[in-house]
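Here is a friendly walk through some charged pairs and a pocket. Have the viewer open and follow along.

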Amino acid sequence: STYTYTRGAVGGLGDAHVVAFHPDGSYAIVLERSNDVHVYDWASGTAMRFAVRVGSRNVQLDDLVLSHDGTTAWIVGYERVGTTDTGILIAFSDAAYRRGEGLASFTRSATTGSGERLSGIDIPRAPSGGPGGGRPVVLSQSGSSSFIARLRELDPATGMFSGLFVARATSAGCDDLAFSNNEFGAWGIVVACGSSGADMPYYTEIAGVGEWRASGGSLGNVSRADGHPSGAYALVPNWSSGSLRRHEAGALLGSSASPGLAGTVWDVSFSAEGRLALVTGRAGGSPLRGTIYEYRHDLYSVAEITDVSIEGFGGPPYSATSSTYLNDSAFRPGCDGGLLVAGNTSAGTGMVIEFQRTDGTRCR
């Protein structure tokens, strides 16, 4: 496969690191690393910026997920209140946005986490999967040298936590979560922890009894995770080694079975139907290339994963550096293309880039 890339004309964009599409494909939500959310209109290729911080307190925006019906998006992050990190949850109303209510489309939940950083949120793609029959699960982390990860079930009707609440000490800060079935085909959650260490705990329930499992074996620093829509497995990039790890049947496959990819890989994101996924990461090489690999469902080897990196990434219209990361990608529903978001933490300059699989279903 080959891909084409087109940078979107979005001005004043900071370090863009999360993107997700509305289920009807009409727009995507882009999170900057702090303070600002952009809604990217697909038809026009333009974006609207919304500042979601309160007063002068900077808010870290870490993750988002949209409900299956597209009525609501939930954004998680944290802010510093006094000397304490406090997790925040923001609900975005699709109906309010379409009515033109602007910033009023975003509502802060009364649900917070004092002393915690809400760092991830995911929703099982199978309606019956996960705790509570498919409700979102929020990941939090706390600590700076010894860490605690928590998983909480979110009630979409109230915007409050209810149901599942479990915690575990981890040897690293935890940044993402993904659904991956256990050995009995029931739901489980793998947690990617790669800040100041490496860990990948797994939580599941068997016959109604919950249990945590360690990843075991050689791990390395992991960053993001995404589960196949079937729930059968999850993929987790290892940025310290360049390998693409796979979790299935309740366990992490050994490192020797993991395809090694050139460069620093950071994120993996599946298409809605799970046929394709993109693995993205830090720009590298000479001349500079934007690191992207195409993964096709269940073709899990170096020979079957295709390098589709952006050539000429150091020149216009990208003008990237070796500190630029392609932080996230999202396939637009119904076609073989979508959006990439990129940023440079040292320069604070972000990008939105449209991608299209040349021999796939066109998005435009």
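## A cut-off to start with

A residue counts as buried under 20% relative accessible area, as exposed over 50%, and as partly exposed in between. Arg49 has a relative accessibility of 37%, so this residue counts as partly exposed. Please keep in mind that the model you are looking at is predicted.

## Asp36 and Arg49

What does Arg49 meet in a salt bridge? The partner is Asp36, with 2.8 Å from N to O. Asp36 sits in strand β4 (residues 36-41) and Arg49 in strand β5 (residues 46-51), so that distant parts of the chain, 13 residues apart, are linked by the pair.

The two ends of this bridge fall into separate classes of accessibility. Asp36 has a relative accessible area of 13% and is therefore buried, whereas Arg49 is partly exposed.

## Arg224 and Asp267

Next, look at Arg224, which forms a salt bridge with Asp267; their closest N and O atoms are 2.9 Å apart. The pair links distant parts of the chain, 43 residues apart: Arg224 is in the loop between β17 (209-213) and β18 (226-227), while Asp267 belongs to strand β22 (residues 265-270).

Are these two partners buried or exposed? Arg224 counts as buried because its relative accessibility is 11%, and Asp267 counts as buried at 3%.

## Arg246 and Asp298

A further salt bridge brings together the side chains of Arg246 and Asp298, at 2.8 Å from N to O. Arg246 lies in strand β20 (residues 243-248) and Asp298 in the loop between β24 (292-296) and β25 (306-307), so this bridge ties together parts that are 52 residues apart in sequence. Arg246 is buried, with 7% relative accessibility, but Asp298, at 44%, is partly exposed.

## A network, and the total

Salt bridges can also share partners: Asp24, Asp94 and Arg98 are joined into one network in this way. How many salt bridges does a search of the whole structure find? The search finds 27.

## The second largest pocket

Now for some empty space. Rolling a probe the size of a water molecule over the atoms shows where such space is left. The second largest pocket has a volume of about 200 Å³.

Its lining is made up of 19 residues, and those nearest the centre of the pocket are Pro124, Arg125, Phe179, Asn181 and Gly231. By residue type, the lining of this second largest pocket divides into seven nonpolar, nine polar and three charged residues.

How values were computed:
Residues are numbered from 1 along each chain as its sequence is written. This is a predicted model: local features need pLDDT of at least 70, side-chain atom pairs count only at pLDDT 80 or more; totals for chains, interfaces and linings use all residues. Side-chain values use heavy atoms; hydrogens and water are left out. A salt bridge is a side-chain nitrogen of Lys or Arg within 4 Å of a carboxyl oxygen of Asp or Glu. Helices (H or I, at least four residues) and strands (E, at least two) are DSSP runs, numbered from the N terminus. Buried means under 20% relative accessible area, exposed over 50%, partly exposed in between (1.4 Å probe, protein chains only). On a 1 Å grid over the protein atoms alone, a cavity is a set of points where a 1.4 Å probe fits but cannot get out, and a pocket is an open set with protein on both sides within 12 Å along at least five of seven lines; lining residues have an atom within 4 Å of a point. Grid points are joined across faces, edges and corners, and a volume is the space filled by probe spheres set on the points. Ala, Val, Leu, Ile, Met, Phe, Trp, Tyr, Cys and Pro count as nonpolar, Asp, Glu, Lys and Arg as charged, and the others, Gly among them, as polar.
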